[in-house]
Amino acid sequence: LAIWYQWTTRTELPELSKVSVLMRQRNKVENTLRAMQHAGPGTLQVISDFDMTLSRFAHHGKRVPTTHNILDHRLLIDEDCACNMRKLLKIYYPIEIDPSLTSEQKIPLMVEWWTKVHHLLIQQKIQRDMLAQAVQESGVILREGYEVFFDRLAELQVPLLIFSAGVGDILEEVVRQSQVFHPNVHVISNCMDFDANGVLRGFKGPLIHTFNKREGALLLAAPLPELRERPNVLLLGDSLGDLAMADGVARPRNLLTVGFLNDQVEERTESYVEAFDIVLVKDETMEVPNAVLKFIT
Ligand code: TMP
Ligand code: MG
């Protein structure tokens with residue numbers, strides 16, 4: 001068996017031997033991979049976060065905008081609003097990623113951040129027709145190798161649930177413009193509510209922030225018929241809060257979690273290795289998720 005393991009990882013998954021890949025229990029990862037491979041793609045679902053997971057954290061030394069930050073475009077919001085949103089980002093983003101605070105401590109502050117930002121956005125009378133151009137001009141870019149990831153899942157008819165605390169309409173436009181909005185893609189996010197004239201008047205459904213994805217999973221993901229009867233889950237995220245995205249899966253059998261550690265690496269490595277099965281440190285590519293997919297399907 002030991003020889004087989006070596007063969008599996010060395011020959012089939014050399015990507016897991018890169019220095020940027022950290023695993024708490026390599027054996028557990030290998031066992032899960034083999035079990036998923038054995039069960040086949042008909043039993044698989046993929047659940048992924050969007051901002052800084054499917055989209056890159058940085059590109060050519062510059063931060064890539066999140067879906068909220070894509071809205072920072074003069075077609076959509078004025079300078080004053082942009083300035084206020086940036087101020088809020090400066091205050092709340094360090095709290096979001098602070099390893100010394102618990103999720104319970106962060107939750108009220110995240111609700112505060114999202115509520116304030118959404119309120120600012122609603123005041124701007126954003127027009128739906130302008131979103132596509134803002135996305136086009138935003139510089140947003142998905143992780144290298146995203147085409148293979150999306151196309152392979154579509155080809156295998158494996159559902160891909162994109163579960164985001166970002167802005168759903170922007171997220172969908174990014175995926176559409178990247179030409180990978182295949183029929184197997186499902187989105188759960190904060191979706192804009194427009195009036196009859198196509199002007200933003202609010203957000204639909206319950207607010208989703210980084211640390212209440214469990215509630216969203218139980219309420220919004222669990223009822224999706226496409227995801228039922230698929231007990232094997234590949235989960236991708238960049239926040240510890242993203243681990244709760246699989247909490248809606250009814251009878252999970254094998255769960256493999258992959259965490260992108262983009263920022264504050266030194267301070268957060270320990271907690272990420274503790275929480276995710278595979279941790280990818282400052283890796284802007286889909287190389288490992290693609291290799292995992294190739295192996296299990
Ligand atoms: P995600 O669930 O797709 O990762 O989206 C959530 C991210 O959005 C989270 O990491 C913080 C980020 N964010 C902004 O960049 N600007 C904002 O104004 C807000 C409210 C969130
Ligand atoms: Mg994210």
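Visitor: Which residues have the most contacts inside the largest nonpolar core, and how many residues does that core have?

Guide: The core has 90 residues, and Phe149, Phe150 and Ile278 have the most contacts inside it. Helix H4 (residues 79–96) gives the most, with seven residues. Helices are DSSP runs (H or I) of at least four residues, strands (E) of at least two, numbered from the N terminus. This is a predicted model: local features need pLDDT of at least 70, side-chain atom pairs count only at pLDDT 80 or more, and totals for chains, interfaces and linings use all residues. Residues are numbered from 1 along each chain as written, chains are lettered from A and ligands numbered from 1 in the order written, and side-chain values use heavy atoms, without hydrogens and water.

Visitor: What makes a set of residues a nonpolar core?

Guide: Its members are buried Ala, Val, Leu, Ile, Met, Phe, Trp, Tyr and Cys residues joined through side-chain atoms within 4.5 Å.

Visitor: Why is Asp51 called buried?

Guide: Buried means under 20% relative accessible area, exposed over 50%, partly exposed in between (1.4 Å probe, protein chains only). Asp51 has 10%, so Asp51 counts as buried. Asp238, at 13%, is therefore buried too.

Visitor: Why is the pair Trp113 and Trp114 called edge-to-face?

Guide: Rings of Phe, Tyr and Trp (its six-membered ring) pair if their centres lie within 6.5 Å; planes under 30 degrees apart count as stacked, over 60 as edge-to-face and the rest as tilted. Trp113 and Trp114 are 4.9 Å apart, centre to centre, with 70° between the planes, so the pair is edge-to-face. Tyr272 and Phe276, at 5.5 Å and 35°, are therefore tilted.

Visitor: How do you know that the charged end of Arg143 sits over the ring of Phe260?

Guide: A charge sits over a ring if NZ of Lys or CZ of Arg is within 6 Å of the ring centre and within 35 degrees of the ring normal. The charged end of Arg143 is 3.8 Å from the centre of the Phe260 ring, and it is listed as sitting over that ring.
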